[in-house]
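The sequence and structure come first.

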Amino acid sequence: MVVKVYGPEYASTKRVILALVELGIDYEVVKVDLFKGEHKTPEFLKLQPFGVVPVVQDGDYTLYESRAIIRYYAEKYKSELLGKTIEERGLVEQWLEIEAHNFQPPVYDLVVQLLFNPKLGIPTNQERVKEDDEKLARVLDVYEERLSQSKYLVGDSFTLADLSHIPFTQFLGGMGKEHLLRDRKHVSAWWDDISTRPSWKKVHELYPAPF
Amino acid sequence: MAAPAPVKVYGPPLSTAVARVLATLLEKNVQFQLLPVNMAKGEHKKPEYLKIQPFGQVPAFEDESINLFESRAISKYVCDKYANQGNKGLFGTNPLEKASIDQWLEAEGQNFNPPSSVLVFQLAFAPRMKIKQDENMIKLNEAKLAKVLDVYERRLGESRYLAGDEFTLADLSHLPNSQYLVNGTNVAELFTSRKNVERWWDEISSRESWKEVVEMQRSPSPRNA
């Protein structure tokens, strides 16, 4: 049975697509065009009542929130992606939360300010961009320290914690913010490693960046 | 005298994220020590604390095998590690249940938490800290939270709790922010004007574990449980 992934083929939807490719799970994308407001239609809201993307349908089962989706499939098909022990799992969860609450917010806001808003004719808020830059720099300083201690965020194996960062980190180059990664030796090496995984190369080829 | 519990939580119980972890530990009947972090004095930004939480946030958690931070990660770890004690269904008893709880935990973190956290700060903390309230922020986030609670109202008309008919970590995760908003701010009405949300709030906030957390928030000094 093919997993249906509803969403545009970038950002959080790509997080799910990447996990499915990494796990070798068959899927199909049902495009939801955010610029046309397709995520706010009554039909879509039946699937995802908060009106955000992505959402998956797996037979009769519907699940939303990209990080809940990737955890479900990882646990089902390749649980080492979530750590091999209860303690490792705790650390993977910790870094998934850091990604969600510390890393993504400034990156997401930069994407909105520098990539989305121009498409909508909304002027860029330069003060917000400056704040986001500073926040992200401080967060990446912590990552730099962490990644000087281990190859990946949790020990020496790639986990969902690393995977979860890939789609949004990919945006940084297109916004002229790649220096935030390159200025940090270990973050830079980590990014080179995780962004050249066959799964990401495949996803990136199938769904090139929209901006 | 009993040996001190190996489980340690660092941070003030008034912090919503700390309260989230305390509620989980109490639901799971896990003994713990609560260690103070004086945020008014900037203790959470000092080198000694940054060693255990490099982002300078509370809580931090420690047991005999791990140091962890991020309240939702800590709560999940506690559910895994102490699976066979306390509330055994808190994080589900099979993969589909767990995924559903996870979905609502994410919904809490991504949709409920942002506007409610702003309101908690503006309405509950700013006055105490003598910081001027930002009326625009309050209005904007009230509107956002109202939309989120409309979704919850529909959901809670379909099931007793968010992820099904049992209380889970997904419901628990909402307790800390909601406690501030429903008790003593003028946005309580966002909850009490929605029939199902109000029913759900009454049920989850009357759990013994939550009442104990609220007691800890009211008492002037940290104590061991």
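In which strand of chain B does B:Leu68 lie? B:Leu68 lies in strand S4 of chain B, where helices (H or I, at least four residues) and strands (E, at least two) are DSSP runs, numbered from the N terminus.

This is a predicted model, in which local features need pLDDT of at least 70 and side-chain atom pairs count only at pLDDT 80 or more, while totals for chains, interfaces and linings use all residues. Residues are numbered from 1 along each chain as its sequence is written, chains are lettered from A and ligands numbered from 1 in the order in which they are written, and side-chain values use heavy atoms, with hydrogens and water left out.

**Around B:Leu68**

B:Leu68 counts as buried because its relative accessibility is 1% (buried means under 20% relative accessible area, exposed over 50%, partly exposed in between; 1.4 Å probe, protein chains only). Leaving aside neighbours within four places in sequence, B:Leu68 is in contact (heavy atoms within 4.5 Å) with residues of both chains, including A:Gly90, A:Leu91, A:Gln94 and B:Phe61. B:Gln53 is 15 residues from B:Leu68 in sequence, and their C-alpha atoms are 8.2 Å apart.

B:Phe61 in turn touches B:Val7, B:Leu25, B:Ile74 and B:Tyr77, among others, not counting residues up to four places away in sequence. B:Phe61 is also listed with A:Tyr143 and B:Tyr152 as having the most contacts inside the largest nonpolar core, which has 139 residues. Such a core is a set of buried Ala, Val, Leu, Ile, Met, Phe, Trp, Tyr and Cys residues joined through side-chain atoms within 4.5 Å.

**The contact between the chains**

Chain B contributes 31 residues to the contact and chain A 28 residues. The two chains bury about 2600 Å² between them, 62% of it on carbon and sulfur atoms; this is the accessible area (1.4 Å probe) lost on being put together, summed over both. In chain B, the residues that lose the most area to chain A are B:Phe55, B:Gln103 and B:Glu106, together 22% of what that side buries.

The count of salt bridges between chain B and chain A is 5, a salt bridge being a side-chain nitrogen of Lys or Arg within 4 Å of a carboxyl oxygen of Asp or Glu. On the side of chain B that touches chain A, the elements giving two or more residues are strand S4 (67-69), helix H3 (71-81), helix H4 (95-128) and helix H5 (135-158). H4(B) gives the most, with 13 residues.

**Salt bridges**

Over all chains, the whole structure has 31 salt bridges. Some of them are tabulated here.

| A:Glu93 | B:Lys76 | 3.1 Å |

A:Glu99 lies in helix H4 of chain A and A:Arg15 in helix H1 (residues 12-23) of chain A, so the pair ties together parts 84 residues apart in sequence. A:Glu99 is buried at 0% relative accessible area, and A:Arg15 is buried at 0% as well.

The pair of B:Asp102 and A:Arg71 crosses between chains, from helix H4 of chain B to helix H3 (residues 66-77) of chain A. Both B:Asp102 and A:Arg71 are buried.

A:Glu75 is in helix H3 of chain A and B:Lys98 in helix H4 of chain B, so this pair joins two chains. A:Glu75 is partly exposed at 32% relative accessible area, whereas B:Lys98 is buried at 14%. Salt bridges that share partners join residues into one network, among them A:Arg71, A:Glu75, A:Glu93, B:Lys76, B:Lys98 and B:Asp102.
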